[in-house]
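Hi there,

Here is the structure I promised to pass on to you. Please open it next to this email, and then read on for what turned up.

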Amino acid sequence: MSARYVQPLRILIQFCFLAFMLWLGLRFYQFVQYLRVGGASAPVRPDGVEGFLPISGLLGLAGWLKGLGINPVHPAAVVIFLTILGVSLLLRRSFCSWVCPVATISECAWKGGFKGLKRNLRLPRWLDVTLRGLKYLLMAFFIYSIAIAMSAEGLRDFIFSDYHKVADVRLLDFFLYISPTVLMIILFLVAASLILRNPFCRYLCPYGALLGLAALLSPVRVTRDSERCVSCGVCNQVCPTYIDVMHKQSVNSPECIGCWRCVSHCRAEGALSMRVVGRFVIPGIVFAVLVVLFFWGGTLAGKLTGHWRTALDAAEYGRLLGR
């Protein structure tokens with residue numbers, strides 16, 4: 001079966017996750033508004049909103065590794081953080097190309113820009129490599145300052161501080177009452193996404209940098225059959241991260257986001273495939289199902305082990321919000 005169906009399937013999954021995350025955001029907004037102004041009935045806080053708190057997830061993971069256990073303040077953030085890391089270890093950076101809402105919006109932007117301008121701008125190699133280093137510097141800063149420099153006592157104090165308890169509310173307010181400077185930065189990134197492919201993900205996202213390094217250990221990767229390959233270069237042209245797929249036996253780059261675009265657009269049937277340890281072919285539908293099941297499975301594991309719902313009740317949230 002041709003792998004061309006994978007792209008419509010991936011896009012469908014992307015937009016399903018995007019719609020779900022927008023629903024989570026709306027439900028959390030209603031929860032916060034109720035606490036601030038009151039209402040007829042209190043909506044339930046959606047625990048999945050903690051997926052927007054990767055730094056809290058890193059804090060919780062560092063605390064867990066230092067003997068504090070999974071903290072009860074934002075446990076879902078830790079579970080989701082670990083789930084995304086686990087998926088990257090197994091299925092490359094599929095989170096970035098199948099799930100992440102920022103990447104979904106960015107992909108829509110550069111595809112729209114390509115249709116309008118008939119091309120996407122590619123920066124000179126020296127500038128591209130230099131800018132890509134920024135996300136690794138940001139990643140190193142967060143890992144060092146949180147996971148290494150902070151003691152177990154310091155982590156515990158911060159995790160249970162009032163500031164961290166309402167990290168989710170602070171993030172909501174960040175977008176509800178956005179400053180002119182931040183708005184200009186966001187508009188600049190959106191404009192840049194029309195002419196560049198995924199500039200935020202490629203140059204600035206520390207989360208993507210960490211997942212890319214984890215994905216280097218993944219047994220799954222795009223593999224090229226040199227006997228079937230006709231060296232047409234289409235795989236290189238469609239790759240959103242500009243990997244030189246055509247000249248590789250297998251792709252094990254931290255920039256590979258597991259999007260299947262190279263496999264889907266390959267003109268020589270069977271020349272490119274997604275394989276486990278270079279031997280066993282993974283059909284696109286199986287890969288898609290595994291992505292969804294692993295994310296759902298992480299959520300289920302968190303719920304079954306009691307590490308999903310925050311220990312903060314509505315009264316505590318109300319106190320923290322000044323009611």
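First, a term you will need: a residue counts as buried when its relative accessible area is under 20%, as exposed when it is over 50%, and as partly exposed in between (1.4 Å probe, protein chains only). This is a predicted model, in which local features need pLDDT of at least 70 and side-chain atom pairs count only at pLDDT 80 or more, while totals for chains, interfaces and linings use all residues. Residues are numbered from 1 along each chain as its sequence is written, and side-chain values use heavy atoms, with hydrogens and water left out.

**Salt bridges**

A salt bridge here is a side-chain nitrogen of Lys or Arg within 4 Å of a carboxyl oxygen of Asp or Glu. The count by this rule is 15. Helices are DSSP runs (H or I, at least four residues; strands are E, at least two), numbered from the N terminus.

Let's begin with Lys111 and Glu107, whose side chains form a salt bridge at 2.7 Å, N to O. Both belong to helix 5 (residues 101-117) and sit four residues apart, about one turn of the helix. An α-helix has 3.6 residues a turn, so residues three or four places apart point the same way. Glu107 counts as buried because its relative accessibility is 8%, whereas Lys111, at 22%, is partly exposed.

Arg45 and Glu50 make another salt bridge, at 2.9 Å from N to O, and both residues are buried. They also belong to a network of salt bridges that links Arg45, Asp47, Glu50, Asp168 and Arg309.

What about Glu255 and Arg202: how do their side chains meet? They meet in a salt bridge of 3.8 Å, N to O. Glu255 lies in the loop between helix 13 (234-238) and helix 14 (261-265) and Arg202 in helix 11 (residues 199-203), so this pair ties together parts that are 53 residues apart in sequence. Both Glu255 and Arg202 are buried.

**Helix 12**

Have a look at helix 12 (residues 206-215) too: eight of its 10 residues are buried, so the rest of the structure largely encloses it. Among the buried ones are Tyr207, Leu210 and Leu211. The buried residues of helix 12 pack against helix 2 (54-65), helix 3 (75-91), helix 4 (94-99) and helix 6 (125-148), where contact means heavy atoms within 4.5 Å.

Happy exploring!
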